[in-house]
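Please look at the sequence and the structure shown below before reading on. The report then goes from the whole of one chain to its parts, and from there to the places where parts touch.

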Amino acid sequence: MLVKQLSVFMENRPGRLYKLTHALGKEGIDFVTLSIADTKDFGIVRFIARDNERAYEILKKEGFTVGITELIGVEVDDKPNALAEVVALMEEADMNIEYLYSFVLTNHNTAKILMRVEDTDRAVKLLEEKGIKLLSEKIL
Amino acid sequence: MAKSKLKDYIYQPEYECLSRSEMENLQSERLKKTVKYVYEHCKPYRAKMDEFKIKPSDIRSVSDLSKLPFTVKHDLRAAYPFGFYSADQKDIVEVHASSGTTGKLTVVGYTQNDIDIWSEVAARSLAMAGVTKDSLVHVAYGYGLFTGGLGAHYGAQKIGASTVPASAGNTIRQLTLLRDFGATHLCCTPSYAIFLGTEIEKAGMNIDDFSLVGGAFGAEPWTYQMREELERLLHIDALDIYGLSEISGPGVAMECMQKCGSHVQEDHFIPEIIDPETLEPLPFGSEGELVFTTITKTGQPLIRYRTRDLCTLTAGKCACGRTTVKMSKVKGRSDDMLIIRGVNVFPSQIEAAIMNVAGVSPHYMIYVDRINNLDVMEIDIELAGNLAPDMVSDIESIKKKVETEVNSYIGLSAKIKLCESGSIQRSEGKAVRVIDRRN
């Protein structure tokens with residue numbers, strides 16, 4: 001029920017993001033999502049690729065500091081307040097969201113929300129009980 | 001580390017297990033002979049002793065050692081290249097030299113007698129790491145003017161082990177040879193050994209396909225935490241070997257399997273600890289500068305040579321059975337000491353601090369700058385290669401822990417910068433850990 005995401009530690013200096021994206025691009029790896037959490041000195045690049053396992057292998061081999069994280073993926077209608085409703089559910093249950101991002105695929109009328117939470121099992125159970133549609137990696 | 005796969009044994013019990021009085025008698029005889037010999041054969045020594053108004057006859061036992069003047073690296077450089085030989089040029093069979101960071105090379109000439117002594121002490125050392133005739137010793141120290149390569153080589157051959165003179169460099173080839181030849185022992189610098197360990201997986205190899213059981217690592221100071229890392233990576237017992245080309249290459253002292261201090265081969269090299277400021281000899285257990293007097297060498301014997309290495313000496317019988325004096329791990333060279341905002345800082349202290357934190361690797365670089373007349377230290381450290389970095393807060397907390405540890409070890413704050421795995425320059429010889437940009 002969970003979505004796998006790759007996270008890469010990256011020093012904040014020119015050329016690093018190119019190195020990462022090029023390493024994957026030249027091997028024909030396609031990104032589904034990509035976001036960067038940045039601080040003054042470093043960033044964490046988080047992304048989902050069409051082939052996460054291969055992307056992981058490639059980056060390991062190239063010497064990147066990379067890990068795999070499991071996220072909760074939720075699909076909601078692409079309309080106002082849809083995100084707020086999901087967040088409200090989590091808040092009511094006193095569950096902490098570590099980070100979250102969302103994206104909309106063109107020619108779909110749904111939005112996808114990806115989040116990392118403290119207690120994944122509990123969150124999955126809660127969302128299922130509330131009838132929220134969860135994503136698996138394949139749906140992406 | 002699981003149960004050790006190697007057996008420490010005493011190569012020459014007749015010298016390594018003497019009582020203190022037997023050792024002192026032997027040292028006294030050899031010292032008297034050496035002082036007389038250098039006075040008669042080495043011009044700079046005769047001049048020095050005349051200046052201090054000391055005659056060889058004034059030296060009757062080891063207790064008279066402190067009457068003799070010191071020798072420093074500068075004396076050797078001033079006599080560049082061969083002015084410090086006591087032996088005739090025709091009797092010198094091998095020449096080594098160490099490069100300083102500044103100035104001329106320090107040259108050391110060895111007679112066949114000296115090479116034999118060196119081989120013997122290196123053999124005693126490797127025996128502590130369990131090297132026998134059945135072992136295969138892979139030497140990845142550089143072969144050349146640097147004594148590391150040939151020293152380990154002579155020791156392994158003296159024992160009769162198969163010796164592989166791989167020399168330094170070409171990591172993939174090193175790993176392939178280690179695995180395919182079934183090396184049981186590795187000799188190189190500890191930083192390079194760790195580098196080899198971390199490259200195994202990247203090279204698509206598996207440590208389980210290696211036959212390594214132990215190794216002798218030296219030529220740069222390293223910490224106990226680094227040993228743990230090395231032992232974990234290579235599945236070996238990692239022991240510290242000490243030497244310096246001026247006295248003899250690796251094998252002047254070596255750690256036994258008790259792993260708490262290195263046995264000095266004091267029937268050949270008398271160790272002393274002095275206060276580097278007052279130059280007064282200090283008793284056992286005090287920290288100070290290590291000084292050696294060679295008492296069996298003939299090519300270029302040295303009297304009270306100041307190593308600049310800081311450590312302590314302890315006497316007493318070791319659990320391994322040896323009775324030779326032990327030296328602690330070298331804390332640093334007095335030349336390596338950084339004075340930052342008036343505080344003495346050794347790179348080894350910083351390394352020890354870093355290694356207490358999970359999530360970082362032993363690869364680091366210390367930068368010292370002077371900004372607005374204030375010394376500023378930045379430490380760049382690589383994250384551990386196996387870290388799965390997803391949360392900014394996890395990385396920030398690693399950084400915070402390093403800051404706290406460094407501060408508690410050296411009493412100064414340093415700016416910590418976490419770097420990508422593999423981004424800090426690797427060295428295949430002695431690791432460069434400090435870049436001082438204040439001058």
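## Chain B as a whole

The model described here is predicted, and the values below should be read with that in mind. Chain B contains eleven helices and 20 strands, and its C-alpha atoms fill a box of roughly 75 × 60 × 40 Å when this is taken along the principal axes. The radius of gyration of chain B is 22 Å, which agrees with the value near 22 Å that a compact globule of 439 residues would have.

Two further values describe how chain B is packed. Of the 439 residues in chain B, 49% are buried. If one takes the contacts in chain B with a separation of 6 or more, 68% of them are accounted for by residues 24 or more positions apart.

## The two domains of chain B

The domain assignment divides chain B into domain 1, which is made of 13–18 + 108–333, and domain 2, which covers 338–436. The C-alpha centres of domain 1 of chain B and domain 2 of chain B lie 27 Å apart, and the contact between these domains takes 18 residues from domain 1 of chain B and 15 residues from domain 2 of chain B.

On the side of domain 1 of chain B that touches domain 2 of chain B, helix H8 (190–202) and helix H9 (224–234) of chain B each supply at least two residues, and H8(B) gives the most, with five residues. Sorted by class, this side of domain 1 of chain B has seven nonpolar, eight polar and three charged residues.

## A sheet of four strands in chain B

In chain B, four strands form an open sheet in the order S19-S18-S17-S20, and the pairing within this sheet is mixed. Strand S19 (415–419) and strand S20 (434–436) of chain B are the edge strands, each of which pairs on one side only. Neighbouring strands of this sheet are turned by 15° against each other on average, with direction ignored.

In general, strands of a sheet pair through backbone hydrogen bonds, either parallel or antiparallel. Which sense applies to strand S17 (residues 360–371) of chain B and S20(B)? These strands pair in the parallel sense, over three bridges, and B:Ile366 stands opposite B:Val434 in S20(B).

## The two domains of chain A

Chain A is also assigned two domains, with domain 1 covering 2–70 and domain 2 covering 71–139. The C-alpha centres of domain 1 of chain A and domain 2 of chain A lie 23 Å apart, and nine residues of domain 1 of chain A are in contact with twelve residues of domain 2 of chain A.

Strand S1 (2–11), strand S2 (31–38) and strand S4 (65–77) of chain A are the elements that give two or more residues to the side of domain 1 of chain A that touches domain 2 of chain A. The largest share of this side, four residues, comes from S1(A), and by class the side has three nonpolar, four polar and two charged residues.

## Where chain A meets chain B

How many residues does the contact take from chain A and from chain B? The contact takes 15 residues from chain A and 16 residues from chain B. On the side of chain A that touches chain B, the elements that give two or more residues are S1, strand S3 (42–49) and S4 of chain A, and by class this side has six nonpolar, six polar and three charged residues.

How values were computed. Residues numbered from 1 in each chain as written. Chains lettered and ligands numbered in written order. Predicted model: local features only at pLDDT ≥ 70, side-chain atom pairs only at ≥ 80, totals over all residues. Pairing = 2+ DSSP bridges. Axes fitted to C-alpha atoms, helices over the stretch in contact; angles between N-to-C directions. Domains from an automatic or database assignment. Contact = placed C-beta atoms within 7 Å. Nonpolar A, V, L, I, M, F, W, Y, C, P; charged D, E, K, R; others polar. Rg over C-alpha atoms; globule rule 2.2 N^0.38 Å. Buried ≥ 20, exposed ≤ 12 C-beta atoms within 10 Å, placed from the backbone.
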